[in-house]
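Please read this report with the sequence and the structure side by side. Each section takes up one part of the fold.

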Amino acid sequence: MPQAAEAFDLSYTQNRELSWLKFNARVLEEAADTSVPLMERLRFISIFTSNLDEFFMVRVGSLFDLNLMLPNDIDNKSGYTPKDQLEEIFKAVRPLINHRDTIYQDICYELEKYGIKNISAHELAGKDKEYVNNYYNDRIRPLISPQIIDANHPFPHLKNKELYAAAILEDDGRHMLGIVGVPEPVPPIVVLPEQEGKFVRTEDIILHNMKKIFKIYHIAEKCIISVTRNADISYDDDKFDEDYIDFRTHMAKLLRQRERLAPVRLEMQGDAPALRTMLEEKLKLSRDQTYICSCPLNLKYVYKIKSTEKSLYYDSYTPIFPDYLSESMPMWEQIKQRDVLLFYPYHSMKPFLKLLKESAADPDVVSIHITIYRLARNSAVVKHLCNAAENGKSVTVIVELRARFDEKNNIEWAQELEQSGCNVIYGVEDYKCHSKICLITRQEKNGHISYITQIGTGNYNESTAALYTDFCLFTADKAIASDAVDFFHNMLIGGLDGSYKRLLVAPSSMKSSLTELIDDEIDKGSNGHIIIKVNSITERDLIDKLAEASQHGVKVELIVRGICCIVPGIANKTENITVISIVGRFLEHSRVYCFGDGDSRKIYISSADIMTRNQTRRVEIACPVESKEIHNWLSSYLDILLKDNVKARFLLPSGDYINIEPGNTAPLSSQQYFMENPPEFQSTIVYRRRFVNFFRKIFKRSK
C-alpha cells in the first residue's frame, strides 16, 4: 500500500505534472528567444504543442482514470488528490496556450519579411483564388465525408488529435451540428504557384468551403476543432481474452482501442460560443477542458515550409565520424585496444552501425544480443541484424512493444526480424525493457570466446542520434561482458532478480546501489560531492536520500532537463542542492551519475532516470566508466554543463526557473561548445602502433 502524504516531508518537493509544465514552458522560451533563427523558433512552437498533446493524452488521461478509481489517492510530492492535480494543471495550461499564441503571431509577422506567409483562404484573390478553388475541387472535395448531427444522425467518433471543420447549421429554426474531417492523404498545406513561401493550410480551405459543403443550411458559427483522447492504455488488460494469441497480437488490438478512449480535451481555433457549448455537451467535457486558440491546432505543417534564406535556420551541422577512430580498421580491433565513447549528436552513429555490419559478415562472430526500444523509420540497425541472422549468426532481439506511441512501429520491425531468422523476445511481463545494451560474441581462432559490449543512454535510432545528446560506450572488458551474458540469460527466462558484479540493473539492484553510492558521499560530509544528469527526478526515496546528503553537507549538483520534483535551496533541507535545466537546439537525453571527486570518483552512464518507473517498473542498466581517459573527459563534460550560462535555467526554492546571469564570465552555451569541440581521445591507430612497438621491443630483446 502506498504511504499517506503525511508520511513524507513536502517542504522540499513539488508535483511532477506541474514541474513538467514548467519544462514545456522552457521549450516555449526557445520559441520566444530572438537569438534563435525564426524557422527554428516556429519549430519550437510545434515541439511545445506536440509535447502538450502527449501530456494530455498520457498524464491527464491517467489522472482522470485515477480520479475515477482512487479519488482519495494522495501524491507523495505535493499532497494533491487526482482532482487537485487536474485543477492545478488546467489553471497552469491556459496562460501557456495564450503565450504560445502570442509568440506564434509575432513569428508569423517576422517571417512575412522573408516572403513566408500563411494566407487565409478568404484573403485569396485572382489567380491564387482560382488555383486553390481548383485544388479543393480536384484534390480535397472527393475525399471529404460531411456529416450532420441531429435526432436521426448520431454524434460521430472524432479521432484522437485529428482536425475537423465544425459548424452550427440552421434550418427553419432548427440548430444542428455539421462536421467535416480533414482527409489524412491531403498534404497539410497548399503552396501557391510561383510563391514558394506563401501557402494556405488545408483545414482552412475546408472551413472556407463549409457554406458550399452544407449548402442547404445557414452557417451560424464555424471553426476548426480537435479532440484529445486518453491514450494511457493498460498493456495488461484482457490478457486472457479468448482472442489472445501472443503479445504482439495483443498489442495490435490495444492500439486499435486507443483511438476510442474517452476525450480529455477539446481545442478550437477561433471562438464560437454556441458551438463550444454544443461540443462540450456531446463530448462530456467541462469548460476547463476546452481551449480556444488563435494558433493552428496542428503545427506539424511547419516542417513542410521551405525557404532558401539560410538565416532562418540553424547553421548546418553534420555529426562527425570521430577522428580517434579509423574508418578502415575493423571496429572490433579498435575496441579491443581500449574502451571507445561516442557522444551523439556531435559524433555520428556510423561507428556503431559499422560494428554491426562487420559483425554480421564476420565468420568468427557467433551471436548478437540486443535490446530494442525505439527505432528509426528506415532502420539500418534492423537491416544489419537481419543480415547477421541470414548469415547464420544467432541473433536475439528483445523488442519492447510497449514503447509508447512507437508500438505499431515496433510490431512491424519485430515481424521483419522474425522473418529473417532472429529470435525475437518481447521482454518480461509487467516490466518495460528500457535498457540499451548490445553484446557481440566471437569465437577466436584459438578457440577462446571474446566479447564486445555496447551500452548506451539512448535508443538505437539513427534519426534521434542526430537530435538527442546521448552516450554510446563500447568495451571489451570481460567483467562487463560477463554481466551482459547474465543479463540476457535472465531476460530470456524472465528473471529480474539476477545479481551483477559491475552493472547496476533495475529493478533488481539499481535503486539500492544508487542509495549506497549516495551513502558513501554522506559519510564524507562536506567533502562529499554528487553530480547527476538525468531527464527527470520523481522517485521519492532517492529524493529523500539526496536531501539527506544535503543535510550532511554534501554538495549535490543536479542537471535535470525535465521534471524535477526535488526543490533546491530549502534551509536545513536542500540548501546544498542546486538544479539547472538545459533546453537548446538538441534534446538533452543522456544520463550520467557521478559520485566523489579526484581519482576515487565513480561515474556511470545509464538508460535510467531517477523516476519510480525507471527504478522499479522497468529493466534499466547503468554501466561504470572504467577507462581513465573517458572518465576524465566525462568529468570535464559535466563541468562544462554546470558552467552553461546561455541555455541553462536555474531552479529557485519557489519552484520557478530563471536565467543564469553570466556576470563577468563569457557566455557559454554547452551545446555550442561541444559542436565546436567534440570529444577527442587517443587515436586507436596510435594505440595499435604502441602495441606493435611494444612487442617488437620484446622480440628484439629475446634475440
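## About the model

This is a predicted model, in which local features need pLDDT of at least 70 and side-chain atom pairs count only at pLDDT 80 or more, while totals for chains, interfaces and linings use all residues. Residues are numbered from 1 along each chain as its sequence is written, and side-chain values use heavy atoms, with hydrogens and water left out.

## An open sheet

Helices (H or I, at least four residues) and strands (E, at least two) are DSSP runs, numbered from the N terminus. Two strands pair if DSSP finds at least two bridges between them. Six strands make up an open sheet with mixed pairing, in the order β2-β4-β3-β7-β8-β9. Its edge strands, β2 (147–149) and β9 (290–293), each pair on one side only. On average, neighbouring strands of this sheet are turned by 30° against each other, direction ignored. Such angles run from 0 to 180 degrees between N-to-C directions, and the axes are lines fitted to C-alpha atoms, for helices over the stretch in contact.

Gln147 stands opposite Ile179 in β4. Helix α2 (residues 38–69) lies across β7 (218–229), β8 (263–269) and β9, and runs at about 145° to β8.

β23 (residues 591–595) pairs with β24 in the antiparallel sense over five bridges. The two strands form a hairpin with six residues between them, and Gly596 in the turn has a positive phi of about 90°. Cys594 has Ile603 in β24 as its bridge partner.

β24 is also joined to β25 (residues 618–624) by three bridges, again running antiparallel. Here Tyr604 has Pro624 in β25 as its bridge partner. Buried means under 20% relative accessible area, exposed over 50%, and partly exposed in between (1.4 Å probe, protein chains only). Four of the five residues of β24 (residues 602–606) are buried, so this strand is largely enclosed by the rest of the structure.

Is Ser359 buried or exposed? Ser359 has a relative accessible area of 2%, so it is buried. Ser359 is placed in helix α10 (residues 350–361). Contact means heavy atoms within 4.5 Å. Not counting residues up to four places away in sequence, Ser359 touches Val365, Ile368, Lys393 and Ile440.

Lys77 lies in the loop between α2 and α3 (82–111). Lys77 is buried too, with a relative accessible area of 8%. With residues up to four places away in sequence left out, Lys77 touches Leu10, Thr13, Gln14, Asn15, Thr538, Arg540 and Cys565.

## Cavities

A cavity is a set of points, on a 1 Å grid over the protein atoms alone, where a 1.4 Å probe fits but cannot get out; lining residues have an atom within 4 Å of a point. Grid points are joined across faces, edges and corners, and a volume is the space filled by probe spheres set on the points. The structure holds five cavities of 30 Å³ or more. The largest cavity has about 60 Å³ of space.

Residues lining the largest cavity include Tyr344, Met349, Phe352 and Asp470. β16 (449–456) and β17 (468–475) each supply at least two residues of this lining, and the largest share, three residues, comes from β17. The lining divides into six nonpolar, five polar and one charged residue. Here Ala, Val, Leu, Ile, Met, Phe, Trp, Tyr, Cys and Pro count as nonpolar, Asp, Glu, Lys and Arg as charged, and the others, Gly among them, as polar.

How values were computed:
1 Å grid on protein atoms, 1.4 Å probe; cavity = no way out; pocket = protein on both sides within 12 Å on 5 of 7 lines; lining within 4 Å.
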